[in-house]
Amino acid sequence: MKNKLYYVLFLLYAIVVAFVLYVNGVFTGEQTSFVNLAINLGFLAIIGVLFIVSFVSFGRLNRVTDELTDFSLRLQKEYRDAGGKNLWVNYQDRKDVFENDELRSAFNKYRMRIKSHSTRRGVVTSCELDEYINENLLDRVGMNFFNSGISGTMTGLGILGTFLGLSMGLGSFNGDDIYTISDNVGPLLSGMKVAFHTSVYGILFSLVFNFVYRSIMSDAYDKLESFLNVFRQTAQPVAVKEDENSAAMVVYQASISNALKQVLELMKGNATEQTEAVERIVDRFHDRMQESLGTDFQKLGNTLKAAGESQKVSAENARELTEAVAALVEINRKVQTDLTKVMDRQEKFACELKEQKERLNKACDEMSDEISNQLYAFDQMRSLYEK
């Protein structure tokens, strides 16, 4: 729901303008001093311009906080419909989650950072969304650098009007005796009227604007905090724990070892059965041929036995080759483990570099904002001095 408290400023502004016109005789036709009216209208015109700029900034802030509130409600509904399942998978590849440019840019930066910390096993390290969508973003959208100085500016305008009115009254006051002095009381009182009026509405505007501004910003911060709490509960990506990674790796290694063991046993069993079958065939063939043809085939039997021995040697060689392959697989697994550790360290180092870069950028932005505020204040003081 939009916070429309700042509409009070325009209502108050209209009342003050009507009051100034009334006391200067515009409505009654008894205008006493055109200079007084021009000074008051000039001060009110400056305050009106400040109010318009603030009105625009408050409208932008309302649109951002309303979108955060709507997104929070949508997250809660989707979370209930999904049965309490984390919703990050629905938003990790979406670039148009928000319509507002500031929110969309900040969320995409957060999304890219999470993606840079992700591997095939999941998110290695997670981070908070409030590093990107935070009070600083709301201050930038709501032009906090400008609105925070409005209250003091209006007080300063009231004080400036006071001194200007007194200067006008005293400048027109002259005389050496009671008769000439009494003739100059009117201009003196006219100048004091300017001083009084500008001081009153300057301080009044300052108090009301300060109250409205702080109320709007407090409401915006509350909506932001509510959105961040909902996001943490429903859609913030959860980093895979180190012990879960280790357990998954151990299970994977055990599965590979069992598979290799079964292959080795299968190959050993097949080689042994083949050798025994060949030996039985040779013996049976030798006996039959010996009975039928006598000793002529004894040499053939010996040759077949030699072939059986050769088959056994081949089986032994195959077993040794299989063991060598298994050893090579184990070495490859260790190399992959070491490479994974190196990649994790590189990812962690890259994350630290990014975080340092972001902190440096943030510090530069803060310095830039501070310099801008100081330049703005200096420009206002110079303008006041020139006037």
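F227 and F231 both belong to helix 9, which spans residues 185–234. Four residues, about one turn of the helix, separate the two. Both phenylalanines are buried. The description given here rests on a predicted model.

**Aromatic pairs**

A pair of aromatic rings is described by two quantities, the distance of the centres and the angle of the planes. The count comes to 26 aromatic pairs. Among them is the pair of Y6 and Y7, which is stacked, at 5.0 Å centre to centre and with 20 degrees between the planes. The rings of F227 and F231 have centres 6.3 Å apart and planes at 35 degrees, so this pair is tilted. The two pairs are set out below.

| Pair | Centre to centre | Angle between planes | Class |
|---|---|---|---|
| Y6 and Y7 | 5.0 Å | 20 degrees | stacked |
| F227 and F231 | 6.3 Å | 35 degrees | tilted |

Are Y6 and F227 buried or exposed? Y6 counts as buried because its relative accessibility is 5%, and F227 is buried as well. Y7, the partner of Y6 in the stacked pair, has a relative accessibility of 42% and therefore counts as partly exposed.

Y6 and Y7 also belong to a cluster linked by ring pairs.

**Overall architecture**

The protein chain holds 11 helices and two strands. Read from the N terminus, its elements follow the order α-α-α-α-β-β-α-α-α-α-α-α-α. Of the 387 residues in the protein chain, 29% are buried.

**A positive phi at M143**

M143 is not a glycine, yet its phi is positive, at about 50 degrees. This residue is found in the loop between helix 5 (135–141) and helix 6 (144–147). With a relative accessibility of 17%, M143 falls under the 20% cut-off and so counts as buried.

**A negative surface patch**

Which residues form the negative surface patch? The patch is formed by D365, E366, D369 and E370. D369 lies in helix 11, which covers residues 298–386. Because its relative accessibility is 46%, D369 counts as partly exposed.

In sum, F227 and F231 are buried in this model, as are Y6 and M143, whereas Y7 and D369 are partly exposed.

Technical notes: Residues numbered from 1 in each chain as written. Predicted model: local features only at pLDDT ≥ 70, side-chain atom pairs only at ≥ 80, totals over all residues. Heavy atoms only, no water. Patch = residues over 30% accessible without salt bridge, like charges linked within 9 Å, V, L, I, M, F, W, Y side chains within 5 Å. Areas by Shrake-Rupley, 256 points an atom, 1.4 Å probe, with all protein chains shown as cover. Salt bridge = Lys/Arg side-chain N within 4 Å of Asp/Glu carboxyl O. Lys, Arg positive; Asp, Glu negative; His and termini not counted. Charge placed at Lys NZ, Arg CZ, Asp CG, Glu CD. Buried < 20%, exposed > 50% of the residue type's maximum accessible area, 1.4 Å probe, protein only. Phe/Tyr/Trp six-rings, centres within 6.5 Å; stacked < 30°, edge-to-face > 60°.
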